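Visitor: Hello! Could you walk me through the structure on display, one step at a time?

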Amino acid sequence: MIRGAAVACVFSLLVVGCATRGSVRQVGDDVRGVQSDLQGVRSDVRGVQGEVAALRQAQEDTSRRITELANASRAAQPRTEQLAASIASVKADVERLSTKQQATDAAVREVKETLAVRAAAPPPPAPAPEGAKPARVSSAEDAFTAGLRNFRNREYGQAVLDFLDVVTKHPRHELASTAQYLIGEAYYLQHDYRQAVTEFQRAVDWPVPHPKTADALLKLGLCHSRLGEPMEAQIAWRRVVRQFPEAPAAQEARTLLSGKKSTSPSARRR
C-alpha cells in the first residue's frame with residue numbers, strides 16, 4: 001500500500017511536469033526507508049507470534065499437567081479413604097483393648113487385696129466341745145514359737161497368721177518386731193514382692209528400735225529390685241550403709257550397690 005502511494009506520487013510529478021531528477025531520487029530513498037521499516041515491523045511481528053506460540057504451548061502443558069494431577073488425585077481418593085477407615089478401626093481396637101486391660105488390672109488388684117485380707121485374718125476359733133473349758137489365749141511366746149515352726153516347715157501362710165497374732169495382740173512385746181520382719185520374709189519367699197515391700201516397710205518403721213531394722217531395709221531393697229524398681233532399691237541400701245555401717249546387712253548392701261553379685265544366702269534365697 002505504501003509502495004503504491006509512492007509510485008502514484010512519482011507518476012503524478014512526472015505527469016504535471018514539476019518533477020526533477022533530484023525529487024525522484026528523494027522519493028526513491030523514502031520508499032526504500034519505508035520498505036526497511038516494514039521489514040522491521042514484520043520481524044517484530046514474527047517475534048511476537050513466536051512468543052505467543054510459546055506461551056500457548058506452555059499453557060497447554062500446564063493444563064495437561066493439572067489434568068493429570070486431578071486424575072491422580074481422584075484415583076488416590078478411594079485408597080486414602082480406605083487407609084483413613086483402617087486407621088480409625090485400629091485406633092478403636094486399641095482403645096477397646098486398653099479399656100479391657102484396665103478392667104483386668106483392676107480385677108486382679110481387687111482379687112489380690114481380697115486374698116491378702118483373708119490371709120492376714122486369723123482363722124475363726126473352733127467351737128469348744130460341750131462342757132469343755134475355754135482355751136486360754138496364747139501368749140506372745142507361744143504364737144511366735146508356732147509361727148517359727150511353721151516358717152521353718154515352709155508353711156508360710158500359717159506362719160504369717162501366727163506372727164500376725166504376735167504383732168496385733170502383743171505389739172509391745174520384744175518379739176513383735178521380729179515377728180513383723182518374718183511376715184515380710186514369708187511373703188518374700190512366696191515371691192509376693194509387692195506385699196513383702198509393705199511388710200518390710202512396717203518393720204523398718206517400727207516405733208521402737210530393734211535389731212532387725214537393718215535386715216528389713218536390705219530386704220526392702222531386694223524386693224524393689226525384684227519388682228524392677230532400681231532407684232527405690234538403691235535408696236534402701238544406701239540407708240542401710242548410712243544408718244548401720246557396721247551391720248552385716250550394710251556389707252551386703254555395699255556389694256549390691258557396687259553391682260556385684262550377692263553372696264549372702266538370705267539375699268539369694270527366692
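Visitor: How many helices and how many strands are there in the protein chain?

Guide: Welcome! Please keep in mind that this is a predicted model. Read along the sequence, the chain follows the pattern α-α-α-α-α-α-α-α-α-α. The count is therefore 10 helices and zero strands.

Visitor: What percentage of the residues of the protein chain count as buried?

Guide: A residue counts as buried when its relative accessible area is under 20%. The protein chain has 270 residues. Of these, the part that counts as buried is 25%.

Visitor: Is helix 7 roughly parallel or roughly antiparallel to helix 8?

Guide: Let's start with where they are: helix 7 covers residues 213-226, and helix 8 covers residues 230-243. Their axes come within 7 Å and cross at roughly 160°. An angle over 145 degrees counts as roughly antiparallel, so helix 7 is, relative to helix 8, roughly antiparallel.

Visitor: How many residues of the contact of helix 7 with helix 8 are nonpolar?

Guide: On the helix 7 side, the contact is made by A214, L217, L218, L220, G221, L222, H224 and S225. On the helix 8 side are E232, A233, A236, W237, R239, V240 and Q243. Sorted by class, four are polar and two are charged, while the nonpolar ones number nine.

Visitor: Is H224 buried or exposed?

Guide: H224 is found in helix 7. Leaving aside its neighbours within four places in sequence, H224 is in contact with V197, E229, E232 and A233. Its relative accessible area is 11%, and the cut-off is under 20%, so H224 is buried.

Visitor: Which residue's backbone oxygen does the side chain of T213 reach?

Guide: T213 also lies in helix 7, and at 10% relative accessibility it counts as buried. Not counting residues up to four places away in sequence, T213 touches V204 and F244. Its side chain reaches a backbone oxygen at 3.0 Å, and that oxygen belongs to H210.

Visitor: Which word describes how helix 8 and helix 9 lie relative to each other?

Guide: The axes of helix 8 and helix 9 come within 8 Å and cross at roughly 140°. The crossing is left-handed. An angle must be over 145 degrees to count as roughly antiparallel, so the word for helix 8 and helix 9 is oblique.

Visitor: How many charged residues does the contact of helix 8 with helix 9 have?

Guide: From helix 8 come Q234, W237, R238, V240 and V241. They meet A249, A250, A253, R254, L256 and L257 in helix 9. By class, this contact has eight nonpolar residues and one polar residue, and its charged residues number two.

Visitor: How far apart in space are L257 and A233, C-alpha to C-alpha?

Guide: L257 has its place in helix 9, and with a relative accessible area of 31% it is partly exposed. Not counting residues up to four places away in sequence, L257 touches Q234, W237, R238 and V241. L257 and A233 are 24 residues apart in sequence, and their C-alpha to C-alpha separation in space is 9.1 Å.

Terms used: Residues numbered from 1 in each chain as written. Predicted model: local features only at pLDDT ≥ 70, side-chain atom pairs only at ≥ 80, totals over all residues. Heavy atoms only, no water. Axes fitted to C-alpha atoms, helices over the stretch in contact; angles between N-to-C directions. Helix = DSSP H or I, 4+ residues; strand = E, 2+ residues; numbered from the N terminus. Parallel < 35°, antiparallel > 145°, perpendicular 65-115°, else oblique. Contact = heavy atoms within 4.5 Å. Nonpolar A, V, L, I, M, F, W, Y, C, P; charged D, E, K, R; others polar. Buried < 20%, exposed > 50% of the residue type's maximum accessible area, 1.4 Å probe, protein only. Polar contact = N/O pair within 3.5 Å; in protein donor to acceptor, adjacent residues only side chain to side chain. Left-handed = near helix turned anticlockwise from the far one by under 90°.
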